[in-house]
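I opened my notebook next to the viewer today and wrote down each thing as I looked it up. Here are the entries, in the order I made them.

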Amino acid sequence: MNRYISWNNRRRDRNYWIGIWILLASAVNFYVWLNIENGPAAVIRNVLEHFYRRIFLRLLISGAGYILFAELTFIAGTVMIVFLLNHLAGMLPDTELQGVSGKYRFVYKTSFLCDVFAGLFLELAAAAGLGGMTEILTGESAAAWLFLLFFVCGSVLYWRSILPAAQYHKVRNLLKADWEYEDQVWYCISNGREGLSTFDRVPWEGKISEIIVDGEDLKALNAEVKMETFVYYLICIDSDEDIREEFVSRIDFALNTPHSRLLVFSFGCGKNGNDVKRLLGTLSGNSNVRTKEFLDLKLHGRIDIESLISAENFRRKRSVRMPLRFVKNEELAENYLSIGKGPCLCLQFLRKILNDLEILPAIYAVFDFIDLQYRMATAYEHGDDMVWMKEHGKDIGNIMSMGKELEKSVIKKNFQQGGIRISFDEIFSQTITKEEMAVIRKYLPDYMPNRTYPVYTSVVYLTTSLRNVLRGHGSFEHVDAEILFELVFKLALMNILILDANALTLETEDSLVWPEETYHKVNGRKNSQAWRNMSPFLMASGTGNILVFNNWNKPLKKKNEKEIVEYINYLDGTLILPEFPGVEMDF
């Protein structure tokens, strides 16, 4: 039934209609009703009163009953006229001013302007009705005050319904003051012609149930809020509009932001339907994306987008804060946002940490994430050297040992080329807070930062020491969990920085690592350098998961034991022992 009602009436809440009833009742009160002398209103009154006198004569006890029924019928008819006018107003094109910038752009919509004119008309009519009542009621009578209160209530209900100003003000303050809005606000990316922002669309049901903003809002609010600081992104794709490169690049930026979660809606079956399907296919392969197609809906500012969002129940409670809330160092923040440019496995693993894990396992997982960076760097240097893998297999997983191995070939080189700009003082006086330093001394009582060592040595040493005491040989108190997570996360970014890990790109080959097996070769390169073979240190499974070398010579505890290679799948934590003929390898 609801779909047969125009959008401009569907968006009305109960208070809107109650406000109209009250204002009309104030305008057409008993005094006004009885004193209509001529014109169409007098004819309608006489017809209605005659109808109720003749048809419902037996049901009316008092002589005034038919007058009350006639008056209520007149008010109901006027409400139906408002309903019809809303329908017609919803069909009108929006004004030429709709494209202007500003904080409250919906006020230029035709439907909102019609609401304002209707509200002013009702206010004037109700005020005139109250003015008529003053001829029979004094200002000191309780009845006069009751009618005035009646008028005020109707006015407040109507205007709050079409313009919930307090809610808009709250949204503005939320962003302007840079409060933690991440779990409340959607950042919208759309290729549609009309804006879908809360400040673009006229209010639905007199409230803001889902806060949606876009780039235009951030400019208008003049707030220091950036696109990357949001967690939830609403992607709306209109199949009738072109899928432009700029639109796709904005989606890619949101997709590759580690903490992001994307809700993707596509609308219609338009001329660009094939392009939309390809884009949806690409996006749906990511763990932080949910897609939904609305083939029978057109994308415009008059759809109830808030209800579509609410129906998906996409939000989830996260156990850790969005990293850009506590990573204040510019170089580290930039490094964090560049993780999406590095190995896809690292991005996928970090998404899992930020969006899926409770805070205690998340802390342990961040240490594993750091370990993964060293394994990736090692794979790039020695990925196809099976002799090296056998000789150094026991060092894999030991961050200090891997750091020493990579110091000359990777870390020092990166430092000398200016890839590490962060200084000792920036790390220990600004990046690591006093609270975090107190926690370090709590679990490492003898630890003292030593500025005589290079920055990268201090980072690797602190990382290894904390990992040993928290994960390898001990535990920590739950009260310290949040501070520890943020500390270890900063250390993760510092390790990525010193390894230049985000410069690495991976690709999977069709060729197999070993004959008669299902594991594919993985290649990698940094920046514009030539591609290198990183297998068998890295292998791609048939499902596309990257498996990482974990250890060599883990015995199967069987007779005639053979050498085997152990791999780890970081996304689910499983250890994999490939059964391949090459276990008896020639070197």
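Is Asp500 buried, partly exposed or exposed? I looked up its relative accessible area and got 30%, so Asp500 is partly exposed. I keep in mind that I am working with a predicted model.

I stayed with Asp500 and checked its backbone. Its phi is near 55°, a positive value in a residue that is not glycine. I found Asp500 in the loop between helix H21 (481–499) and strand E6 (504–512).

Next I turned to Asn527, another non-glycine residue with a positive phi, about 55°. Asn527 sits in the loop that links strand E7 (520–526) and E8. With a relative accessible area of 55%, Asn527 is exposed; the cut-off for that word is over 50%.

I then looked at the peptide bond from Ser535 to Pro536, and it is cis, with omega near 15°. Pro536 belongs to the loop between strand E8 (532–533) and strand E9 (538–540).

**Entry: the open sheet**

In which order do the five strands of the open sheet come? I read off E2-E1-E3-E4-E5, with parallel pairing. Strand E2 (211–213) and strand E5 (289–294) are at the edges with a single partner strand each, so one side of each has no neighbour in the sheet.

I followed two of the pairings by residue. Strand E1 (residues 185–190) pairs with E2 in the parallel sense over three bridges, and Trp186 has Ile212 in E2 as its bridge partner. Strand E3 (residues 232–238) runs parallel to E4, and seven bridges join them. There, Tyr233 has Leu262 in E4 as its bridge partner.

How many residues of strand E4 (residues 261–267) are buried? I found seven of its seven. Both faces are covered: one side carries Arg261, Leu263, Phe265 and Phe267, and the other carries Leu262, Val264 and Ser266, all buried. So Leu262, the bridge partner of Tyr233, is one of the buried residues, because buried means under 20% relative accessible area.

For packed helices I write down the angle between the axes and the distance between the axes.

I began with helix H6 (residues 110–133) and helix H7 (residues 142–162), whose axes come within 11 Å and cross at roughly 180°. H6 and H7 are therefore roughly antiparallel to each other. On the H6 side, the residues in contact include Phe112, Val116, Leu120 and Met133; from H7, I noted Phe147, Phe151, Tyr158 and Trp159 among them. Sorted by class, this contact has 15 nonpolar, two polar and two charged residues.

Then I checked helix H2 (residues 14–27) against H6. Their axes are 7 Å apart and the packing angle is about 35°. H2 passes H6 in a left-handed crossing. H2 brings Tyr16, Ile20, Leu23, Leu24, Ser26 and Ala27 to the contact, and H6 brings Asp115, Leu122, Ala125, Ala126, Gly129 and Leu130. The classes here are nine nonpolar, two polar and one charged.

How values were computed
Residues numbered from 1 in each chain as written. Predicted model: local features only at pLDDT ≥ 70, side-chain atom pairs only at ≥ 80, totals over all residues. Heavy atoms only, no water. Axes fitted to C-alpha atoms, helices over the stretch in contact; angles between N-to-C directions. Helix = DSSP H or I, 4+ residues; strand = E, 2+ residues; numbered from the N terminus. Parallel < 35°, antiparallel > 145°, perpendicular 65-115°, else oblique. Contact = heavy atoms within 4.5 Å. Nonpolar A, V, L, I, M, F, W, Y, C, P; charged D, E, K, R; others polar. Pairing = 2+ DSSP bridges. Left-handed = near helix turned anticlockwise from the far one by under 90°. Buried < 20%, exposed > 50% of the residue type's maximum accessible area, 1.4 Å probe, protein only.
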